Structure formats: C-alpha cells, structure tokens
Amino acid sequence: MAIKYGRPIEVRLEPAAPPAAAESRLELVHRPRRIRRAEWARRMVRETALTADDLIWPLFLVDGGKTRVPVPSMPGVERLSVAEAVREAERAARLHIPCIALFPYTDPGLRDDTGSEALNPENLVCRAIRAIKREVPQLGVLCDVALDPYTSHGHDGLIRDSEIVNDETVEVLVRQALVEAEAGCDIIAPSDMMDGRVGAIRAGLDAAGRTDVSIMAYAAKYASAFYGPFRDAVGSATTLTGDKRTYQMDPGNSDEALREVELDIAEGADMIMVKPGMPYLDILRRVTDTFGMPTFAYQVSGEYAMIMAAAQNGWLDGDKAMMESLIAFKRAGAAGVLSYFAPRVAAKLQAGG
C-alpha cells in the first residue's frame, strides 16, 4: 500500500460519509425563504412601501392663545390653538407630510340647532387655515365639511321633526365649503353622507370660481363604533342625540359602498375615502380594484386608541403595530392614509426606521 505524507492513499481517497442531516433534506426547487434571509433582500423584493408622502395628519383645533389640551381617550393627541396648529404645520412640512386635516372643537356657546358657526368666515377653522397658509404655504390643507362640530345636537345635518333632512342640509354644506375654500382650503372633504352633496358642492365651488379646490369625498363612511374618541376631541360625544345610522352606512354592507363611491365620482369627486380603515380593508380593496380612483383610508380615532392603549399596557410593540397597520392600508390599495400616527411615522421613516 503506497504511503504519501504518512497516510495510506486508499484511505485518503475514500469518500467521506454523508452527514446524517442529508437524509432529511427535501428535494425542493422553490425555497421562498431564500429571499427573506437578509434585510437587504427583504427590502429589495418588498411589494408595498410606506413613505411620508402617503400621510395626511388630522389636527384638532381649540380657541385660545398658546393652548394645548390633551384628548384623554387619544394618548399623545391634543387640541391645538391656532398658534400651536401653525407650529405643528411647520413640523409636518419638515417631516415631508404633504397635507394636514383640520377639525374644530367648537365652544358650546357657539353651537346651535343649525350649526350656524360653520358659516362664519371668522370661525376657528377659517382662522387656522389662513394662519397656516400664511406661514406654511406649501403644505396642503384639507377641511371637513359636516355640521356635527357646530350643532347642539351633534348630528351632521339639520333636524326637522326628529329627522335628519337631506336637501336642506346640502344647501348649508355648500355654503360651509365655500367659506372654507375662500379661507384657503385646498381639499374639501364632505363627511356628512347626505345624498347629492358632492355634486352640489362641486357646482357651488365652480360657480364661485374655485375650480382649483379639490373634493375628497367620504364616499364609504360607516356608522361605526370606532369614532368615539374623535367625538370626545371635537366635543360632540356629549351632545349627540341618538345615532347616525340613517345617513352613515350599515357595517354589514359591501356592495352599497360601491354604489356610494360610483355616485360620488359621477358627481365630481377627485378623490374618495373609506372610513374607518382597518375593519374595512375589504371595502378599500374592492373600491380601488373597481374604480382605480385615488382612494384614501382614515385610520380613525378608535383604531389609534386601541393600538396606543395596548402599547401602553405592554401588550404589543406600539411602533411595530403602528407601522404594520399603515402598511396594511397601502397593501389594500390606499393612495394614502389619514392617521394620528402621521408625525411619529414620518419621523421614523426620516430616521431610516
């Protein structure tokens, strides 16, 4: 037997015994985990991405000087005086958030049965629009059109003989939209769910020479239990009499949402919205697939409050849940999301998180 370097050649040439693990190896052509094995690979093949451009930040307004009033049911959210709202608008611009949405807490002394303060060119929202546009002109401003922050009964429309009347309400909503547009609002967002209000508002804006003002219709807005903290923030929780099921949509309906969206598009809506967000991802997907319109989701106050409460109790990772929830909206087809998390998300994205 030949010896080379002190070891039999025959021994050196003998094949090594296969490892025991090879016996259990699967003969797979496709191994999807290969593209998940590293962060760089996951980033490279990611189908849905979230950016600051996808965010609209809702802000609550309150009268006063340099005032910030916490909303107890929405940890981290405050009602802001006009001066403080301007500061937050400047922050939004620094974070590259393209648009903010304004919602007023109206002093109870200014509320009445007809919501007349909504038509006051010097109301809280109009003063805030002008101040923000003066200091941060490049930032988009969206304004809600509905009467609930202004009425003593907390409803989005006028009441006649215990009924929310449609056509009379629409006349008032057109006037409210014009007041906000004249103050400098970029996007009018009717949230009232009255029939025909998008077409009437579009006609009113065009007749007033405001063809440049967009309409984002709350096209599929459901009568949801998830609005509670929002009503705390705007002060309608204690004033609301009854419920809103005669004009907001039944949570059990899906086809109806498509009919509502189709009507609003036909009446001149530039963008549409599904509200609430997470419980209605199926509606969001159906709407975007059917119409191909810029469609937004509103991650409403109850959704925000649930994530915040769970995070504060240590039941889930708040940052991860926040990001995952917003990715879900984008994955379902949303062009963008109204979210109270907007500044946190934008800052995290800016930091590379």
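Trainee: What makes the link between the side chains of D144 and Y218 a polar contact?

Mentor: First, keep in mind that this is a predicted model. The side chains of D144 and Y218 are joined at 2.9 Å, and the cut-off for a pair of N or O atoms is 3.5 Å. So 2.9 Å falls within the 3.5 Å limit, and the label holds. D144 also has a polar contact with the side chain of S191, at 2.9 Å.

Trainee: Where does D144 sit, and which residues is it in contact with?

Mentor: D144 is in strand β7, residues 140-145. Setting aside neighbours within four places in sequence, its contacts include L102, F103, Q176 and E180, along with S191 and Y218.

Trainee: How do you know that D144 has no salt bridge?

Mentor: Look at the nearest side chain of opposite charge: that is K275, 5.8 Å away. A salt bridge needs the nitrogen within 4 Å of the carboxyl oxygen, so D144 is left without one, buried though it is.

Trainee: Then what makes E78 and R68 a salt bridge?

Mentor: Their N to O distance is 2.7 Å, and the limit is 4 Å, so the pair qualifies. The pair links distant parts of the chain, with E78 in strand β5 and R68 in strand β4, ten residues apart.

Trainee: Why is E78 called partly exposed?

Mentor: E78 has 27% relative accessibility.

Trainee: What about R91 and E88: what puts them about one helical turn apart?

Mentor: They are three residues apart in helix α3, residues 82-94, which is why the separation is about one turn. R91 is partly exposed at 29%, whereas E88 counts as buried at 10%, because buried means under 20%. Both belong to a network of salt bridges that links R68, E78, E84, R87, E88 and R91.

Trainee: Why does K348 with D319 count as a salt bridge?

Mentor: The closest N and O atoms are 3.9 Å apart, and the cut-off is 4 Å, so the pair is in. K348 lies in helix α12 and D319 in helix α11, 29 residues apart. Over the structure there are 25 salt bridges.

Trainee: One last thing: what puts the buried residues of α6 on the same side?

Mentor: In helix α6, residues 197-207, the buried residues are R197, V198, I201, R202, G204 and L205. They cover an arc of only 165 degrees around the axis, so they share one side of α6. What covers them includes β7, α5, β10, β11 and α8. After α6 comes G209, with a positive phi near 80 degrees.

Note on methods: Residues are numbered from 1 along each chain as its sequence is written. This is a predicted model: local features need pLDDT of at least 70, side-chain atom pairs count only at pLDDT 80 or more; totals for chains, interfaces and linings use all residues. Side-chain values use heavy atoms; hydrogens and water are left out. Helices (H or I, at least four residues) and strands (E, at least two) are DSSP runs, numbered from the N terminus. Buried means under 20% relative accessible area, exposed over 50%, partly exposed in between (1.4 Å probe, protein chains only). Lys and Arg count as positive and Asp and Glu as negative; His and the chain ends are not counted. A polar contact is a pair of N or O atoms within 3.5 Å; within protein, one must be able to donate a hydrogen and the other to accept it, and residues adjacent in sequence count only if both atoms are side-chain atoms. Contact means heavy atoms within 4.5 Å. The arc is that of the directions from the helix axis to the C-beta atoms.
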